[in-house]
Amino acid sequence: LGALFFLFCGTNAITTFFALFAQEVLGKNTGEATIMTTLFAVCSTVAAIPAGKMGKKLGRKKTILIGLVVFMAVFLLYVFTRSMAIIWLALILGGAANMFITVNTLPLVLEIGGIDKVGTFTGYYYTATFSAQIASPIVYGIVRMFSGTYLSLFVYSPIMFILSILCILFVKHGEAIPQEIVDKIEEENAD
């Protein structure tokens, strides 16, 4: 739940403040900033199904960690290069990485809870994510106030992702049950 909280703090700050960043730091007008955030959303959408397949093949935890590392890396790369090419790369790869994370977090949480506690663990999931969506604009607003620039968005979010990675490293359960095992259990139950 801590991993979810920090993950959503990082992603919510990006989706909330990116247009303001684009206007202030990149000098884009509102329409251009909207196109940039739309690219992020489109890349997220396109990556949804591959993200689910990757979670099943590699494991949810590994897929989430890959998404977090990619997201963090491209955003930090922009901070050091300040290249327009890198910002576009960050939107494309960050959008896809966002879905690698998001698609696999709820199933991981539900698998940890088990079939008997789906409702309870769904509530835990939404409590953690909604809390982050409430807290992150406030926390980032304070960071922005002290930093004086929306460029701090590209430092704030990776810090949140690092905290999320540290939390998710402690997750020991929640992987999908391999199809062979499901088939074997169903076969044994049929007998």
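I take buried to mean under 20% relative accessible area. The model I am reading is predicted.

**Entry 1, helix 2**

I began with helix 2, residues 30-58. I listed its buried residues as Ala33, Met36, Phe40, Cys43, Ser44, Ala47, Ala51, Met54 and Gly55. An α-helix has 3.6 residues a turn, so residues three or four places apart point the same way. I then looked up what the buried residues of helix 2 pack against, and found helix 1, helix 3 and helix 4.

I checked the length of helix 2 next. Its 29 residues reach 40 Å from the first C-alpha to the last, close to the 42 Å expected at 1.5 Å a residue. I also looked for a bend in helix 2 and found one of about 45° at Ala48. A proline, Pro50, follows within four residues of the bend.

I looked up Phe100, which lies in helix 4. Phe100 counts as buried because its relative accessibility is 15%, and the cut-off is under 20%. Leaving aside neighbours within four places in sequence, I found Phe100 in contact with Ala47, Ala51, Met54, Thr63, Ile64 and Gly67. Ala47, Ala51 and Met54 are also on my list of buried residues in helix 2. I took one C-alpha to C-alpha distance as well: Phe100 and Asn29 are 30 Å apart in space and 71 residues apart in sequence.

Thr105 is also in helix 4. I read its relative accessible area as 4%, so Thr105 is buried. With neighbours within four places in sequence set aside, Thr105 is in contact with Leu4, Leu7, Ile64 and Tyr125. Ile64 is in the contact list of Phe100 and in that of Thr105.

How many salt bridges does the count come to? I got two.

In one of them the side chains of Glu24 and Arg144 meet at 2.8 Å, N to O. This pair links distant parts of the chain, with Glu24 in helix 1 and Arg144 in helix 5, 120 residues apart. Glu24 is partly exposed, at a relative accessible area of 37%.

I also recorded the salt bridge between the side chains of Glu111 and Arg60, at 3.9 Å, N to O. Here Glu111 in helix 4 and Arg60 in helix 3 are 51 residues apart, and the pair again links distant parts of the chain. Arg60 is at 13%, so Arg60 counts as buried.

I looked for nonpolar residues on the surface and found a patch formed by Leu58, Ile66, Val70, Leu77, Leu89, Ile92 and Leu93. Together they have about 490 Å² of accessible area. Helix 3 (60-81) and helix 4 (84-113) are the elements that give two or more residues to the patch. I checked Ile66, which is placed in helix 3. Ile66 counts as partly exposed because its relative accessibility is 35%.

I listed its buried residues as Leu153, Phe154, Tyr156, Ser157, Pro158, Met160, Phe161, Ser164, Ile165 and Ile168. Their cover includes helix 1 (2-24), helix 3, helix 4 and helix 5 (118-147).

Conventions:
Residues numbered from 1 in each chain as written. Predicted model: local features only at pLDDT ≥ 70, side-chain atom pairs only at ≥ 80, totals over all residues. Heavy atoms only, no water. Patch = residues over 30% accessible without salt bridge, like charges linked within 9 Å, V, L, I, M, F, W, Y side chains within 5 Å. Areas by Shrake-Rupley, 256 points an atom, 1.4 Å probe, with all protein chains shown as cover. Salt bridge = Lys/Arg side-chain N within 4 Å of Asp/Glu carboxyl O. Buried < 20%, exposed > 50% of the residue type's maximum accessible area, 1.4 Å probe, protein only. Contact = heavy atoms within 4.5 Å. Expected span 1.5 Å × (residues − 1). Bend = angle between axes of the 7 residues up to and from the residue.
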